[in-house]
Amino acid sequence: MRHRPGSHGLSQLNLRSPGPSGDPAGSEGCSGCAQDGTRPSEAHAACRRRSSCRLFYPEAPVKVVRGRGQYLYDEQGAEYLDCVNNVAHVGHCHPLVVQAAHEQNQELNTNSRYLHDNIVDYAQRLSETLPEQLCVFYFLNSGSEANDLALRLARQYTGHQDVVVLDHAYHGHLSSLIDISPYKFRDLDGQKEWVHVAPLPDTYRGRYREDHPTPAVAYANEVGRVVSSAQEKGRKIAAFFAESLPSVGGQIIPPAGYFSLVAQHIRGAGAVFVADEIQVGFGRVGKHFWAFQLQGEDFVPDIVTMGKSIGNGHPVACVATTRAVSQAFETTGVEYFNTFGGSPVSCAVGLAVLDVLEKEQLQAHASCVGSFLMELLQQQKEKHPIIGDVRGVGLFIGVDLVKDQAKRTPATEEADYLVSRLKENYILLSTDGPGRNVLKFKPPMCFSKANAEHVVAKLDAILTGMEETLRSCETLRPQA
C-alpha cells in the first residue's frame, strides 16, 4: 500500500511499506576546450588534434549561445532545429523549469543531510510512475553515477561479481562502467573476465531477424547460454545491464517479451535485472512513461536508472530499486551519501520537469508526433533504396542507411554526408550504431508535426540529390 512519508533528509528515500518482492546524445562533447585561456577558435583547433576531445561537426563546429524549445541559436542568430538532444527533454530553457531552479536557488541549496520537502515530494512523484515494487530512491548527479551505484547495489545484494551486458552497449564514462560498455572497452583495455557479452537483440541486422518466428525467445536463449558458459567457468552473475531501448547500438527496439525471458535466465542465476532508462525514459516512447514497460505489464526490473532528461539539462539522476536490494546495501555499514544528489534545487527542477510533462501532455504528444514522423520516414524508405530500415517508438527513432538492401551493408560515409548536409540546412541530427550509419531521432519532446515535415522534406531533397549525382556518375562511367 502506498503512503506519503514524512519529511526526510538524505539522498535515499524509501516511499512504500514492505510488500512482495539503466553518451551518446547527450553525447560526449568538447569538455576541455577553452579552459586554458585560449580563444575558442584556437581551442577548437587543438581539440581536433586530441582524440579524447570531440565536437559535433568538427570541421565547422556550431557555437551555440541560446536555446528555446526544440531550437538552438548560434552566435550569428541562426536558428537550428534540434532533432537529437534528449537531455533538454521538455525543451531547451523551458521557462517553468528555469523559474523553479531560480526560485529555489534564492531560498536554499544545500546537501541532503537536512530535512527538506522537495526530496520527499520528488521521490513521491517518481514513485507514482513506477511499479509498486520499486519503492526506494537514491538521488545522484548523472546517469553514470546512477549506473555505478546500480552496479554496487547488485553486487552487494547478490554477493556476486560478474555482469552480463549487450553487445555495443554504453552505460557511462566511469571506470566501472567503461568495463561493462563494449562500445568503449573494445577500444581501450578490452573485456574483463567478469564481463560477459550477449548479442544485441537487433531484428534487422542481428543474428535473428524479422523473418524469425520467435526472435524474443531466440535472443533470450543467447543470454541463457552466456550465463551457463560463465557458470561453467565458476563465475557468478550479479546483474544483467541493458538500456531498455539500446541507443548507441543503433536505436534498437528489442522484440516484445525479450526482457521477461531474459529475467528468467538472470534471476535463475541469482542475479538482478538493471534497466537503464537514462536515454529513453520519462514518456519518450509515448505509449508508456518508461521504455521497459513496452515489454509487458508482467515485467518489472529490480533496479531502474535514470538521468539526462530527468533534469532537462540540470545535473540530476536517480536509481529506483526494491526494498530487498536497498536493505542488503544497508548491511555494508557504509552509508550512502552524495553531496549534491537530491539537493533542494535539483529536486525542484525534477518536480518542474514532471509538471511540464503532465501539463503539456508531452507523453501523448510524443506518441502522436512520433507515429507521424515514422509514417513520413516509411514513405521515404519506399522512395530511397539507401533507407534499409525505419524503426522506433514515440520520439525514439532510427533510420538505418545501407549500401545494399540485400546485404544490408552500413552506408557509413553516406550517413556522415547526410548529417553534414542537414546541418547546412540548419537541422541538427547525428548517427549511431556499430557502423555509424543509423540516423537517430531523439529530439526535445516539444518537437512538432511541422518540424517532422520540415526535416523529412530536407532529407528527401538531399537523398534525391545524392541519387541524381550517382546516376550521373554511372552514365559517365566507360562502358565495357
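**Reading strands, helices and cores in a predicted model**

Modeller: Strand E13 is mostly covered, since six of its six residues are buried.

Biologist: In which sense do strand E12 and E13 pair, and over how many bridges?

Modeller: Strands of a sheet pair through backbone hydrogen bonds, in either a parallel or an antiparallel arrangement. Here E12, which covers residues 387–393, pairs with E13 in the antiparallel sense over six bridges. Within this pairing, Gly 392 stands opposite Ile 397. The hairpin of E12 and E13 has two residues between the strands, and Gly 394 takes a positive phi near 60° there.

Biologist: Over how many bridges does E13 pair with strand E16?

Modeller: E13 and E16 (residues 438–441) pair over four bridges, in the antiparallel sense. Lys 440 in E16 is the bridge partner of Gly 398.

Biologist: Where is the place of Arg 408, and is Arg 408 buried or exposed?

Modeller: Arg 408 lies in the loop between E13 (396–401) and helix H12 (412–424). Its relative accessible area is 13%, under the 20% limit, so Arg 408 counts as buried. Leaving aside neighbours within four places in sequence, Arg 408 is in contact with Tyr 204, Arg 205, Arg 209, Glu 210 and Val 402.

Biologist: What is the strand order of the open sheet of four strands?

Modeller: The order is E2-E3-E4-E14, with mixed pairing. Strand E2 (64–68) and strand E14 (427–428) are the edge strands, each of which pairs on one side only. E2 and E3 run antiparallel and are joined by four bridges; Tyr 71 in E3 is the bridge partner of Arg 68. Their hairpin has two residues between the strands, and Gly 69 takes a positive phi near 60° in it. Further along the order, E3 (residues 71–74) and E4 (residues 79–82) run antiparallel and are joined by three bridges. There Leu 72 stands opposite Tyr 80 of E4.

Biologist: Let us turn to helices. How many of the residues of helix H3 are buried?

Modeller: H3 spans residues 117–127 and is mostly covered, with eight of its eleven residues buried. The buried ones are Asn 118, Ile 119, Val 120, Tyr 122, Ala 123, Gln 124, Leu 126 and Ser 127.

Biologist: At roughly what angle do the axes of H3 and H10 cross?

Modeller: The two axes come within 8 Å and cross at roughly 35°, and the crossing is left-handed. On the H3 side, the contact is made by Asn 118, Ile 119, Asp 121, Tyr 122, Arg 125 and Leu 126. The residues that H10 contributes include Pro 344, Cys 347, Leu 351 and Glu 358.

Biologist: Which residues have the most contacts inside the largest nonpolar core?

Modeller: In soluble globular proteins, nonpolar side chains tend to be buried together. The largest nonpolar core in this model has 100 residues, and those with the most contacts inside it are Phe 240, Tyr 258, Phe 282, Met 306 and Phe 441. Helix H10 (residues 344–359) supplies the largest share of this core, nine residues. Apart from this core lies another, of 29 residues, among them Val 136, Leu 153, Phe 241 and Val 319. As for Phe 240, its contacts beyond four places in sequence include Val 164, Leu 166, Tyr 258 and Phe 273.

Biologist: What does the secondary structure of the protein chain come to, and what percentage of its residues count as buried?

Modeller: The chain has 13 helices and 16 strands. Of its 480 residues, 55% count as buried. Its accessible surface comes to about 20800 Å², and 50% of that belongs to carbon and sulfur atoms.

Notes:
Residues are numbered from 1 along each chain as its sequence is written. This is a predicted model: local features need pLDDT of at least 70, side-chain atom pairs count only at pLDDT 80 or more; totals for chains, interfaces and linings use all residues. Side-chain values use heavy atoms; hydrogens and water are left out. A nonpolar core is a set of buried Ala, Val, Leu, Ile, Met, Phe, Trp, Tyr and Cys residues joined through side-chain atoms within 4.5 Å. Buried means under 20% relative accessible area, exposed over 50%, partly exposed in between (1.4 Å probe, protein chains only). Contact means heavy atoms within 4.5 Å. Accessible areas come from the Shrake-Rupley method with a 1.4 Å probe; for residues, only the protein chains shown count as cover. Two strands pair if DSSP finds at least two bridges between them. Axes are lines fitted to C-alpha atoms, for helices over the stretch in contact, and angles run from 0 to 180 degrees between N-to-C directions. A crossing is left-handed if the near helix is turned anticlockwise from the far one by less than a right angle, and right-handed if clockwise.
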